[in-house]
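User: I am new to this structure and would like to learn how to read its features step by step. Could we go through them together?

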Amino acid sequence: MNATENHAANANERPVLELRNITKRFGSNTVLDGVDIAVNTGEVVVLLGPSGCGKSTLLRCVVGLEDLDGGEVLLDGEVISGAARSQEARTRMGMVFQSYDLFPNLSVLDNITLAPTLVRGTPKAEAEQRAVKLLERVGLADKANDLPSTLSGGQQQRVAICRALAMDPEILLLDEVTAALDPEMVHEVLQVVLELADDGLTMLIVTHEMSFARAIADRVILLDSGNIAEEGDASFFEQPKTERARQFLSTFEFHRAGR
Amino acid sequence: MNWGLVGSYVPFFVAAAQVTLYISFGGIVLALLVGLLCAVVRLWKVPVLEQLVGAYIEISRNTPSLVQLFFLYFGLPKLGILLSQEACAIICLGFLGGSYMAEAFRAALEAVPAVQHESAQVLGLTRAQAMRHVILPIAMKQATPSVVANVVFLVKESSVVSGIALADLMYVAKDIIGNNYDTLEALFLLVVFYAIILIPVCLLGTYVERRFTNGR
């Protein structure tokens with residue numbers, strides 16, 4: 001089944017991930033002011049917005065790294081935030097961070113097998129077999145026994161993606177995974193993410209890479225000062241509906257007077 | 001200096017060195033356990049225990065080790081708790097060193113970037129699993145220099161046990177000085193024996209640290 005069919009087949013299903021009225025304050029500063037987002041099976045939703053608009057905080061709220069001040073997070077229609085927060089629900093979502101977050105004391109292979117063996121009780125040999133398959137998929141099978149510090153930033157992020165995928169998440173959250181990379185490494189990482197989208201993986205992605213966002217997004221959400229300023233399909237980039245979106249998109253363009 | 005005398009005293013110092021090593025080793029192991037436990041309690045901010053650990057660390061660091069030792073050896077029997085000299089010596093070093101080790105571990109644990117805790121958490125690891133497989137191994141590397149410094153400190157500090165008549169290096173040296181007035185020879189041997197014990201400890205520490213830094 002290709003990605004398009006996948007979307008069509010699941011169009012009427014209930015969302016994998018549903019955020020209802022998410023509110024988050026840091027002191028008197030309201031970072032998220034009642035945000036509603038639903039992500040359907042196989043859908044790739046891209047979150048855009050200026051720095052400090054609450055994109056990263058939103059992802060952190062979803063996986064439970066931040067406590068909510070209001071609203072709820074539902075996974076497969078089941079509340080997993082607040083008192084209902086559970087370790088089990090957490091393992092059904094994968095997340096990759098902006099900074100290099102591989103465990104520096106473990107080899108690439110051990111980084112990937114750690115959670116499946118500890119949390120799921122998968123036998124070591126089986127977990128390793130799966131890990132090698134994942135590494136092959138991102139072109140890093142030969143690095144299995146290396147330490148993360150010997151890898152380039154782009155390679156580390158690809159391994160981090162494998163590590164998240166090893167838990168078979170229902171949804172993968174990516175928080176500016178290329179923000180800390182040199183430009184020439186950005187491409188190799190985003191290429192992997194694009195392939196995951198083609199395989200039908202459900203994703204919620206925060207990024208500043210506009211051409212990547214345009215290529216991968218089934219739906220785009222522009223977040224501004226803790227609110228959704230605009231939501232739409234990929235046509236968002238050509239025909240933004242709101243002034244705020246036009247303004248935001250224009251910050252990625254450069255014009256020199258007289259040319 | 002009479003080298004003949006020095007030679008004749010060597011066997012006494014060899015025997016005493018074993019006492020010093022035995023007491024130090026026991027005390028260091030205890031200090032590492034106490035320190036690790038205290039550091040984790042402080043990192044996790046475990047209620048009540050955190051306050052107890054705080055009080056322990058202050059008492060341990062702000063009272064002389066000889067006073068701690070006398071309390072164990074002469075004070076506790078008045079409360080009906082009778083411990084052997086060796087047990088007192090080891091507990092004393094463990095009590096003293098525990099707080100120093102705790103501070104070394106705590107500093108290293110706190111230096112582990114938040115993203116490591118968060119990655120482990122998001123992967124579904126429990127706090128204990130994350131501590132055991134990720135946070136502690138990372139922190140250990142960072143803690144090595146201070147832990148080695150504390151080990152050296154505790155071996156030197158073990159000389160207080162001569163105060164309760166345990167025949168360690170210090171005791172034997174004082175004995176020879178008191179009985180035979182061979183002050184120079186005894187002190188010379190004392191310095192040499194402590195150096196023989198401690199220099200390898202320092203070298204080992206440097207080696208371990210380097211091994212950690214270069215990966216495995």
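Analyst: Let us start with two helices, where helices (H or I, at least four residues) and strands (E, at least two) are DSSP runs numbered from the N terminus. The axes of helix H1 (residues 3–43) of chain B and helix H2 (residues 49–61) of chain B come within 9 Å and cross at roughly 130°, the axes being lines fitted to C-alpha atoms, for helices over the stretch in contact, with angles from 0 to 180 degrees between N-to-C directions. This is a predicted model, in which local features need pLDDT of at least 70 and side-chain atom pairs count only at pLDDT 80 or more, while totals for chains, interfaces and linings use all residues. Residues are numbered from 1 along each chain as its sequence is written, and chains are lettered from A and ligands numbered from 1 in the order in which they are written.

User: Which residues of H1(B) and H2(B) meet?

Analyst: Two residues are in contact if their C-beta atoms, placed from the backbone, lie within 7 Å. In this case B:Cys38, B:Val41 and B:Arg42 of H1(B) meet B:Leu49, B:Glu50, B:Val53 and B:Ile57 of H2(B).

User: How do I read a sheet, and what is the strand order in chain A?

Analyst: Strands of a sheet pair through backbone hydrogen bonds, either parallel or antiparallel; here, two strands count as paired if DSSP finds at least two bridges between them. Chain A has an open sheet of six strands in the order S6-S7-S8-S3-S9-S10, with mixed pairing. Strand S6 (93–96) and strand S10 (227–232) of chain A stand at the edges with a single partner strand each, so one side of each has no neighbour in the sheet. Within the sheet, strand S7 (residues 171–175) and strand S8 (residues 203–206) of chain A pair in the parallel sense over four bridges, and A:Leu172 stands opposite A:Met203 in S8(A).

User: Where does A:Glu176 lie, and is A:Glu176 buried or exposed?

Analyst: Most residues other than glycine have a negative phi. A:Glu176, although not a glycine, has a positive phi of about 45°, and lies in the loop between S7 and helix H7 (183–198) of chain A. A residue is buried if 20 or more other C-beta atoms lie within 10 Å of its own, exposed if 12 or fewer, and partly exposed in between, with C-beta atoms placed from the backbone. A:Glu176 is buried, with 21 other C-beta atoms within 10 Å.

User: How many residues of chain A are in contact with chain B?

Analyst: On the chain A side, 19 residues are in contact with 16 residues of chain B, and the largest share of that side, four residues, comes from H4(A).
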